Amino acid sequence: MKALRNFIDKIKPTFSEGGKLSMFRSVFDGFETFLFVPNETAKPRGAHIHDAIDSKRIMIMVVIALMPALLFGMYNVGYQHYLAIGQAADAGFWSMFWYGFLAVLPKIIVTYIVGLGIEFTVAQWKGEEIHEGFLVTGIILPMIVPVDCPLWILAIATAFAVIFAKEIFGGTGMNIVNVALIARAFLFFAYPSKMSGDAVWIRTDSVCGLGAGNVIDGFSGATPLGQVATSTTSNAVITDAAGNAVSIWDAICGFIPGSIGETSVIAIALGAILLLCTGIASWKTMLSIFVGGGLTAYLFNIGGMESAAANLPWYYHLVLGGFCFGAVFMATDPVTSARTECGKYIYGFLIGVMAILIRVLNPGYPEGMMLAILLMNVCAPLIDYCVVQVNISKRLKRANKKG
């Protein structure tokens, strides 16, 4: 590391003001601060709290927390593929994992090339440092889309989200809604056939010679929530690609069709533990989401409605779809979520409530979590404002009583 530090210091004058490559100063600064914690700190020490960690290190920690869900998602892509073609019993772990790895890797590469390319261009144009927020967005985006989502569509969605949900507001820290969710919303409304239905969640073709085969009779690639939404009875039977019943344990482990990184509750929980232990994410937001979602689903269970979504056991709602992934990695985004301590409870609770309401009352969109978080992103400043105003009123009343 010392040799690398010496090399960076040696070439730094070339990229500094007046150097031959000064036009690429922002790019150089981005790579330098990615590799090493900056030596410079804010000057007015009385107005800032100084710490050994900066935003790039925080973003890298979030990326590490996402790894269990991503790696399991790669394996599950392969597992669902071999299950669909009737070869799950013959394929080994590494065959399934490598199939999923080769299917998912191009999506990660595309999102990073497009997203970082736009951010580097904007930084150079403005003469500012490169923002680090896309380190997380670039890996979340491939995890919240179906495995069969075309790369060109993913590239368009990434560009749209970075430009219109982030850069137009001033970059990292200024966006009012979650960038990755805006990309997913763009995909859902602009290309609905690539984001819903039975065909997009399980990849049945070969990848670099791996997999392939004849799809089994009666194959259905619908997600569990998709099956519930289209059920004609009040008690839906959830099955996998081979027609076997899906248990609650299958849903918790993640052996079900769904977005690449959203299926395994166990893998997501490992990431949640890391985020909570490092203090990056708020347990108040996470907990209140599950309380709000569980309570709303339970009320529908006892409400007497005839729809399958209303009668789905409340605990199934918490482990299916993107509920857990959204609660851990997206609703806790410090930029777009509520910042007051009391506001975090309200913000999270309303996300849980809205997610279940959308799932149950809108069969055309069985997921619900994406729209719930986006809606509450917009409402988060209002929640914080109300909380602050209530605290001000209480303090004024106490002051008047003492006076």
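This is a predicted model: local features need pLDDT of at least 70, side-chain atom pairs count only at pLDDT 80 or more; totals for chains, interfaces and linings use all residues.

Visitor: What makes up the secondary structure of the protein?
Guide: The protein has 16 helices and zero strands. Helices (H or I, at least four residues) and strands (E, at least two) are DSSP runs, numbered from the N terminus.

Visitor: Why is serine 264 called buried?
Guide: Buried means under 20% relative accessible area, exposed means over 50%, and partly exposed lies in between (1.4 Å probe, protein chains only). Serine 264 has a relative accessible area of 6%, so this residue is buried. Its place is in the loop between helix H9 (248–253) and helix H10 (265–277). Of the 403 residues of the protein, 48% count as buried.

Visitor: What is serine 264 in contact with, leaving aside its neighbours within four places in sequence?
Guide: Contact means heavy atoms within 4.5 Å. With those neighbours left aside, serine 264 is in contact with Phe72, Ile252, Cys253 and Gly254.

Visitor: Why does tyrosine 82 count as buried, and why does asparagine 311 count as partly exposed?
Guide: Tyrosine 82, in helix H3 (residues 55–84), has 6% relative accessibility and so counts as buried. Asparagine 311, in helix H12, has 26% relative accessibility and therefore counts as partly exposed. Not counting residues up to four places away in sequence, tyrosine 82 touches residues including Tyr99, Leu210 and Gly211. Tyrosine 82 and isoleucine 202 are 120 residues apart in sequence and 9.7 Å apart in space, C-alpha to C-alpha.

Visitor: How do you know that the span of helix H11 agrees with what it should be?
Guide: The expected span is 1.5 Å times one less than the number of residues. The 19 residues of H11 (residues 283–301) should therefore span 27 Å, and its end C-alpha atoms are 27 Å apart, which agrees. Among the buried residues of H11 are Gly292, Gly293 and Gly294. What covers the buried residues of H11 includes H10, helix H15 (341–361) and H16.

Visitor: Why are H7 and H16 called oblique to each other?
Guide: Two packed helices are described by the angle between their axes and the distance between the axes. Axes are lines fitted to C-alpha atoms, for helices over the stretch in contact, and angles run from 0 to 180 degrees between N-to-C directions. Angles under 35 degrees count as roughly parallel, over 145 as roughly antiparallel, 65 to 115 as roughly perpendicular and the rest as oblique. The axes of H7 (residues 179–190) and H16 (residues 369–402) come within 10 Å and cross at roughly 130 degrees, and H7 and H16 are therefore oblique to each other.

Visitor: Which residues meet where H7 and H16 are in contact?
Guide: Leu181, Ile182, Arg184, Ala185 and Phe189 in H7 meet Met370, Leu371, Ile373 and Leu374 in H16. By class, this contact has eight nonpolar, no polar and one charged residues. Here Ala, Val, Leu, Ile, Met, Phe, Trp, Tyr, Cys and Pro count as nonpolar, Asp, Glu, Lys and Arg as charged, and the others, Gly among them, as polar.

Key: Residues are numbered from 1 along each chain as its sequence is written. Side-chain values use heavy atoms; hydrogens and water are left out.
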